[in-house]
Amino acid sequence: MIQHGFIFDGNDSTKLGMTFYRAPELSPPQPRLTKISVPGKSGDYTQWAGDYDNRTLTLYCNLIAPSYANAMAAVNRVLLVNPGYHKLELSTDNDHYLLAQLQEGGEQTPISREI
């Protein structure tokens, strides 16, 4: 199974032991349009200011570390400390980046595997 990482706000997820195991679905952004109806005219006038609607992107991640509690504390300290939009680079697409903000830390399900 191929593991991929990301860089969010300059923080490399792989240095925290975090990778994502399923590439997110990146649909094209939808332009934010303003439609203006004029009485007596069929259809609408459409204006576009050059911006796009927000969209939700979910990364399904693995966290591999000797201590899950310590690793999650480090992840939260690094990724959740600075709210707002930041550059998000995915290892699955080296040609583009997104501006993203974390909405929540996500579900956490610790799984222990002994090799």
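**Ground rules.** I am working with a predicted model, where local features need pLDDT of at least 70, side-chain atom pairs count only at pLDDT 80 or more, and totals for chains, interfaces and linings use all residues. Residues are numbered from 1 along each chain as its sequence is written, and side-chain values use heavy atoms, with hydrogens and water left out.

**Entry 1: the core.** I looked up the largest nonpolar core and found 15 residues in it. Such a core is a set of buried Ala, Val, Leu, Ile, Met, Phe, Trp, Tyr and Cys residues joined through side-chain atoms within 4.5 Å. Buried means under 20% relative accessible area, exposed over 50%, and partly exposed in between (1.4 Å probe, protein chains only). Phe6, Phe8, Met18, Leu63, Val75, Leu79 and Leu88 have the most contacts inside this core. Next I listed the elements that give it two or more residues: β1 (6–8), β3 (18–22), α1 (68–79), β7 (86–90) and β8 (98–100). Helices (H or I, at least four residues) and strands (E, at least two) are DSSP runs, numbered from the N terminus. α1 gives the most, with five residues.

**Entry 2: Phe8.** I then checked contacts, meaning heavy atoms within 4.5 Å. I set aside neighbours within four places in sequence. Phe8 touches Leu79, His86, Lys87, Leu88, Ala100, Gln101 and Leu102.

**Entry 3: salt bridges.** How many salt bridges does the structure hold? I found two. The term needs a side-chain nitrogen of Lys or Arg within 4 Å of a carboxyl oxygen of Asp or Glu. Asp51 pairs with Arg32, with the closest N and O atoms 2.9 Å apart. Asp51 sits in strand β5 (residues 44–52) and Arg32 in strand β4 (residues 31–37), 19 residues apart. Asp53 also bridges to Arg32, at 3.1 Å between the closest N and O atoms. Asp53 lies in the loop between β5 and β6 (60–63) and Arg32 in strand β4, so this pair ties together parts 21 residues apart in sequence.

**Entry 4: Asp9.** Where is Asp9 found? I located Asp9 in the loop between β1 and β2 (11–12). Asp9 is partly exposed, at 33% relative accessibility. Leaving aside neighbours within four places in sequence, I saw Asp9 in contact with Asn82, His86 and Lys87. I also checked Leu99: it is 90 residues from Asp9 in sequence and 9.4 Å away, C-alpha to C-alpha.
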